[in-house]
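Me: I have a structure to go through. Please set each label against its definition.

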Amino acid sequence: QRGKIHESLELFKWAHILNPNSIDCLKQVGRSLYLLGKHRPAIEVYNEAQKLNEDDWEIWHNKGLCLMNLRDYEESADCFRQAN
């Protein structure tokens, strides 16, 4: 399974290079990093995605999941509130 996640991560990175304004590509890169347990890099990607659309609930939600896994519960709760 991890091999497929690594593969999808690389493909979504390339897709983002080809289409740098695609928020969907960034969200998929962040999701792949999250699934690989790379929570801090995923947060950085979600922060970049928020520059394109700060009101996207899915970005806030996924960023909250990353923060929760890093045991930053206060920031995580703030993200989940923003997602609603």
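Me: How many helices and strands does the secondary structure of the protein come to?
Reply: The protein has five helices and zero strands, where helices (H or I, at least four residues) and strands (E, at least two) are DSSP runs numbered from the N terminus. Along the sequence the pattern is α-α-α-α-α. This is a predicted model, in which local features need pLDDT of at least 70, side-chain atom pairs count only at pLDDT 80 or more, and totals for chains, interfaces and linings use all residues. Residues are numbered from 1 along each chain as its sequence is written, and side-chain values use heavy atoms, with hydrogens and water left out.

Me: Why does serine 76 count as buried?
Reply: Buried means under 20% relative accessible area, exposed over 50%, and partly exposed in between (1.4 Å probe, protein chains only). Serine 76 has 2% relative accessibility, so serine 76 counts as buried. Of the 84 residues in the protein, 39% are buried.

Me: Where is serine 76 found, and which residues does serine 76 touch, not counting those up to four places away in sequence?
Reply: Serine 76 lies in helix α5 (residues 73-83). Beyond those sequence neighbours, serine 76 touches Gly64, Leu67 and Met68, contact meaning heavy atoms within 4.5 Å.
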